[in-house]
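Subject: Structure handover and notes

Dear colleague,

Here is the structure I promised to pass on to you, and my notes follow below it. Please keep it open while you read them.

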Amino acid sequence: MSLAYTSSEMMTVTAARALENGMTCFVGIGLPSEAANLARLTHAPDVVLIYESGTLQTKPEVLPLSIGDGELCESALTTVAVPEMFRYWLQGGKISVGFLGTAQIDRYANLNTTLIGDYQSPKVRLPGGGGAPEIATNAGEVFITLKHSKRAFVKDVDFVTTLGFGRDGKGRDGVPNIGKGPTRVITDLCVMKPDLETKELTVVSLHPGVSREDVCDATGWEIRFAGELESTPEPSAHELEILRELKDRTERQHAGE
Amino acid sequence: MAEFLSLHDAVARYVEDGATVAMEGFTHLIPFAAGHEVIRQKKRDLTLIRMTPDLIYDQLIGAGCAKKVIFSWGGNPGVGSLHRLRDAVEKGWPRKIEILEHSHAAMACAFEAGAAGLPLAVLRGYVGSELPNVNDQIKFIECPFTGERLAAVPAVRPDVSIVHAQKADRAGNVLVEGIVGVQKEAVLAATRSIVTVEEIVEDLTAEPDYHPNTCIIPGWAIDAIAVAEKGALPSYAHGYYPRNNRFYKEWDAIARDRDAFTRWLDENVYDQDANSTGGNA
């Protein structure tokens, strides 16, 4: 019998499953943090979570609202200064996967968190790059998670804050000491991977109940589908229970302070 | 040598109109009380440097203190936009401001280079990013040994850095613990520094929690120390009080509206004095 779950829960559980025990993950705030902690609380108890505030190997009880909540520091193995975080641990090649969210993403998985419109007179000013530009190039690979919509999935981003594969798909070619880049994008509708040749994002797995049309309608370019399209496995009762508990704990704590 | 001053006097003496100021603290230990004192003293034309402008620079920008902001992530963490920053960038209210944006890695390296007395920081950064197209302070250089193309940014050298910390002792030594961010770097990179603290103890090295590797900034590397109890609220001070996440969420509605913001500023900053508490007095 199939369980009742939301498309957001489907996304978080699928994103969590992408992380394996033993990976060292540089975690972005928001959806990536939710997924990474779900992974740690379910199938990957030994996944090492690192946040850019300097907290190494942290095991928060509740999800942090900010990247530097006290909870992250108190539950960490150790906390280092921010320059050390970026220089030794990220740039030094100690991170196997960077887990990022974004406001806009294009067909070559370039990320825009800078602005919508023109740089000099923006329509919407977004927060900016933060840790992402170097996480995306200095981590071994990158997972991206965000909700699927036409506004977010555009043919060409307004601004490349963070490199996926560049405006032509060749942005990493010939660059020394650079990670593999985005290896999967997990949304509330599907999972995408870059085409091995062109690097264009391709749907490899549809979530249960989601049609090709649903994905096409929510994507700003003519999205391709893999020849052997899979169906994403549903969340288990255990995963849903742990995720809901985590979110309830978090809600209660953030409301109480 | 650190001098013990009131917060009012420390800001009056070291923060001049037109100065380049870094108020640091990575989510943790953000010097809100000091920021409010800068607003109360109506400092103008400041170049404000901070990796994450956070609510503190949203308030300073909305109050008209800034002419330029150098930053790497300008959002309200976990909540959304900094509406005062956006209003200034998008609509020029209360004045037009210039922005210069970096990535976190570059800014962290630039603070470190400033502390190290170097003119620039070198990093494996900005590969494929379009930030170098809009920030002329990002350049690329060739490694003289390997030929690798590396990013270079100028060191951060503020006229004055302001940070908040847990405690100072009578000799002016300052203890910073928890998420230490770039605070030590900010202090050492600056010409002058002000440190606000929760409390003053007799001797940090005699404290029960003192360890040989405790992060201490020596008093002789600091210019002014001012006591500002709860001076980091609504951010937090590890070991003293938690982050007021609720206020961070409430700020969204306050900052979204110019009138609501102006009222908030009047009640919580202008009508207070330097002895009152931080962001949610």
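In chain B, helix α3 (residues 54-62) packs against helix α4 (residues 83-91) at an angle of about 45 degrees, with 7 Å between their axes; helices here are DSSP runs of H or I with at least four residues, strands are runs of E with at least two, and both are numbered from the N terminus. The axes are lines fitted to C-alpha atoms, for helices over the stretch in contact, and angles run from 0 to 180 degrees between N-to-C directions. The model is a predicted one, in which local features need pLDDT of at least 70 and side-chain atom pairs count only at pLDDT 80 or more, while totals for chains, interfaces and linings use all residues. Residues are numbered from 1 along each chain as its sequence is written, and chains are lettered from A and ligands numbered from 1 in the order in which they are written.

α3(B) and α4(B) are therefore oblique to each other, given that angles under 35 degrees count as roughly parallel, over 145 as roughly antiparallel, 65 to 115 as roughly perpendicular and the rest as oblique. Y57(B), D58(B), Q59(B), I61(B) and G62(B) in α3(B) meet R84(B), L85(B) and A88(B) in α4(B), where contact requires C-beta atoms, placed from the backbone, to lie within 7 Å.

Elsewhere in chain B, V174(B) belongs to strand β12 (residues 174-175). V174(B) counts as buried because 28 C-beta neighbours lie inside 10 Å (20 or more other C-beta atoms within 10 Å make a residue buried, 12 or fewer exposed, and numbers in between partly exposed). Leaving aside residues up to four places away in sequence, V174(B) touches several residues, including A165(B), V195(B) and I222(B). The C-alpha atoms of V174(B) and L204(B) are 7.9 Å apart, although 30 residues separate the two along the chain.

In chain A, eight strands make up an open sheet with mixed pairing, in the order β2-β1-β5-β10-β11-β12-β13-β14, where strands pair if DSSP finds at least two bridges between them. β2 (48-50) and β14 (224-231) of chain A stand at the edges with a single partner strand each, so one side of each has no neighbour in the sheet. Within chain A, strand β12 (residues 190-194) pairs with strand β13 (residues 201-206) in the antiparallel sense over five bridges, and C190(A) stands opposite L206(A) in β13(A).

Finally, the contact between the chains takes 47 residues from chain B and 46 residues from chain A. On the side of chain B that touches chain A, α5(B) gives the largest share, six residues.

Best wishes

Notes:
Contact = placed C-beta atoms within 7 Å.
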